[in-house]
Amino acid sequence: MKRLLLWLTAGIGALLMLWLAGFGWFLYQGLSAAEAQTPETDAIVVLTGGRFRLESGIGLLAAHRARKLFISGVNQHVDRAALLRTVGPLPEWAACCIVLGHEADNTYGNARETAEWMRREGYRSLRLVTSWYHIPRSRLEFERVMPEITVVLHPVYPEHPETEDWHARLETASLVVREYSKYLVALARPVLTPLRRLAPWLVPEGAAESLPGRIAADQP
């Protein structure tokens, strides 16, 4: 029994170290993904769900960094006029170049929805705008679905993180840890998907966020 406990403790310790190492790599991917100073891309793609993403995407469009702005994951009941009112008046030329996607409800869906739109438009490159902590999973999903498309990362950071109180910092930390969990599931999807088909009781649907076929809210 004592030997079993030692092996169990060692196993848990090894898993914890592996989890922490992966979390460090996850943070590095998000925090080091500074905006690439590249020429304009065919499209700008904004993923809904986080603060300042839409404003960043519109700013890039106004700076002529792409031909069109595609906003993926917009609520079915929100039209373009209502959405754009949240960021103030825009030049007419900018408003006409903004397209909404209403089909996606998670990051996997964002990638599929965007891929379909990119192919209809005949575009070959996009600038992906999302929160810094959402960059690793978004990049993974987009590059899996669109291996032929050039994806340029544009992370969005909080404007004044140093002014946040402890409660806001704790909430942010919790959000980042949850996002890391989703990232791990996305990494494991090539294994989890066939496993769920063969033995669904081993991979409960609620535990496999973003698996194909799952309709779930995903607010990264």
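Is His64 buried or exposed? I shall open with that residue and then turn to the fold. His64 is exposed, with a relative accessible area of 51%; exposed means over 50% relative accessible area, buried under 20%, and partly exposed in between, using a 1.4 Å probe and protein chains only.

Colleagues, a word on the source. This is a predicted model, in which local features need pLDDT of at least 70 and side-chain atom pairs count only at pLDDT 80 or more, while totals for chains, interfaces and linings use all residues. Residues are numbered from 1 along each chain as its sequence is written, and side-chain values use heavy atoms, with hydrogens and water left out.

To return to His64, its place is in the loop between α2 (53-62) and β2 (68-72). Its phi is near 60 degrees, a positive value in a residue other than glycine.

Let me now describe the overall architecture. The protein has seven helices and five strands. Helices (H or I, at least four residues) and strands (E, at least two) are DSSP runs, numbered from the N terminus. In order from the N terminus, the elements read α-β-α-β-α-α-β-α-β-α-β-α. Of the 220 residues, 42% count as buried. Taking contacts between residues at least 6 apart in sequence, 76% join residues at least 24 apart; contact here means heavy atoms within 4.5 Å.

Next, the sheet. Its five strands are arranged in the order β3-β2-β1-β4-β5, as an open sheet with parallel pairing. At the edges are β3 (98-101) and β5 (150-156), each of which pairs on one side only. Two strands pair if DSSP finds at least two bridges between them. Strands of a sheet pair through backbone hydrogen bonds, either parallel or antiparallel. On average, neighbouring strands of this sheet are turned by 20 degrees against each other, direction ignored. Axes are lines fitted to C-alpha atoms, for helices over the stretch in contact, and angles run from 0 to 180 degrees between N-to-C directions.

Strand β4 (residues 125-131) runs parallel to β5 and is joined to it by seven bridges. Within that pairing, Leu128 has Leu153 in β5 as its bridge partner. Helix α6 (residues 135-145) packs on the sheet, where it touches β1 (43-47), β4 and β5, and its direction makes about 150 degrees with that of β4. Helix α6 is mostly covered, with eight of its eleven residues buried. Among them are Ile135, Leu140, Phe142 and Val145, along with Arg137 and Glu141.

Where does Asn106 lie? Asn106 is in the loop between β3 and α5, and it is buried, with a relative accessible area of 5%. At the start of α5, a side-chain oxygen of Asn106 reaches to within 3.3 Å of the backbone nitrogen of Tyr108. The side chain of Asn106 also reaches the backbone nitrogen of Gly109, at 2.7 Å, and makes a polar contact with the side chain of Asp105 at 3.3 Å. A polar contact is a pair of N or O atoms within 3.5 Å; within protein, one must be able to donate a hydrogen and the other to accept it, and residues adjacent in sequence count only if both atoms are side-chain atoms.

The geometry of α5 (residues 107-121) agrees with expectation, because its 15 residues should span 21 Å at 1.5 Å a residue and its end C-alpha atoms are 21 Å apart. The expected span is 1.5 Å times one less than the number of residues. The buried residues of α5 include Tyr108, Trp117 and Met118. Just after the helix, Gly122 takes a positive phi of about 75 degrees.

Leu90, in the loop between α3 (80-85) and α4 (92-95), is partly exposed, with a relative accessible area of 27%. Leaving aside neighbours within four places in sequence, Leu90 is in contact with Ile58, Leu84 and Ile98.

Cys97 is buried, with a relative accessible area of 17%.
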